[in-house]
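Here's a quick briefing to read alongside the model. Have the sequence and the 3D view open as you go.

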Amino acid sequence: MASNDSLRACVAMSVRRYFEDMGCTEPEGLYARVLAQVEPPLIEETLAFTGGNQSRAAKILGMTRNTLRSKLRGYGIAPR
């Protein structure tokens, strides 16, 4: 299984489990909630992988360095 397939499977399993845990209650704003929970550790781990190199991290994440810096400020993530 390719790593993309593995990541997709992990996300699908987590979302499925979340719906099961919610029971009959329908969650609202799920998309924004997922992004708010997933994006900060994604950015933090990518920065750790690049040794704090924001330009490399931005390239890996598929965004500009300015966008990355904006997200760092928005999430209160201290650059290394």
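Which helix gives the most to the lining of the largest pocket? That's α2, with eight residues. This is a predicted model, so to speak plainly about cut-offs: local features need pLDDT of at least 70, side-chain atom pairs count only at pLDDT 80 or more, and totals for chains, interfaces and linings use all residues. Residues are numbered from 1 along each chain as its sequence is written, and side-chain values use heavy atoms, with hydrogens and water left out.

**The largest pocket**

- The largest pocket has a volume of about 610 Å³. A pocket here is an open set of points on a 1 Å grid over the protein atoms alone, where a 1.4 Å probe fits, with protein on both sides within 12 Å along at least five of seven lines. The volume is the space filled by probe spheres set on the points, which are joined across faces, edges and corners.
- Its lining takes in 14 residues, and Val 11, Val 34, Gln 37, Val 38 and Glu 39 lie nearest the centre. A lining residue has an atom within 4 Å of a point.
- Both α1 (3–22) and α2 supply at least two residues of that lining. Helices are DSSP runs (H or I, at least four residues), numbered from the N terminus.
- By type, the lining splits into ten nonpolar, two polar and two charged residues. Nonpolar covers Ala, Val, Leu, Ile, Met, Phe, Trp, Tyr, Cys and Pro, charged covers Asp, Glu, Lys and Arg, and the others, Gly among them, are polar.

**The salt bridge**

- A search of the whole structure turns up one salt bridge (a side-chain nitrogen of Lys or Arg within 4 Å of a carboxyl oxygen of Asp or Glu).
- The partners are Lys 71 and Glu 39, with their closest N and O atoms 3.0 Å apart. The pair links distant parts of the chain, 32 residues apart: Lys 71 sits in helix α4 (residues 65–75) and Glu 39 in helix α2 (residues 30–49).
- Side chains of opposite charge can pair when their charged atoms come close.
- Lys 71 is partly exposed at 24% relative accessible area, while Glu 39 counts as buried at 16%. Buried means under 20% relative accessible area, exposed over 50%, and partly exposed in between (1.4 Å probe, protein chains only).

**Who touches whom**

- Leaving out residues up to four places away in sequence, Lys 71 touches Glu 39, Ile 43 and Met 63. Contact means heavy atoms within 4.5 Å.
- Lys 71 and Ile 43 are 28 residues apart in sequence, and their C-alpha atoms are 8.6 Å apart.
- Not counting residues up to four places away, Thr 46 touches Ala 57, Ile 60 and Leu 61.

**Cysteines and a loop glycine**

- The disulfide count is zero, where a disulfide is a pair of cysteine sulfur atoms within 2.5 Å.
- Cys 10 is partly exposed at 41%, and Cys 24 is exposed at 84%.
- Gly 62 is in the loop between α3 (54–61) and α4, and is exposed at 67% relative accessibility.
- Gly 62 and Val 11 are 51 residues apart along the chain, with 19 Å between their C-alpha atoms.
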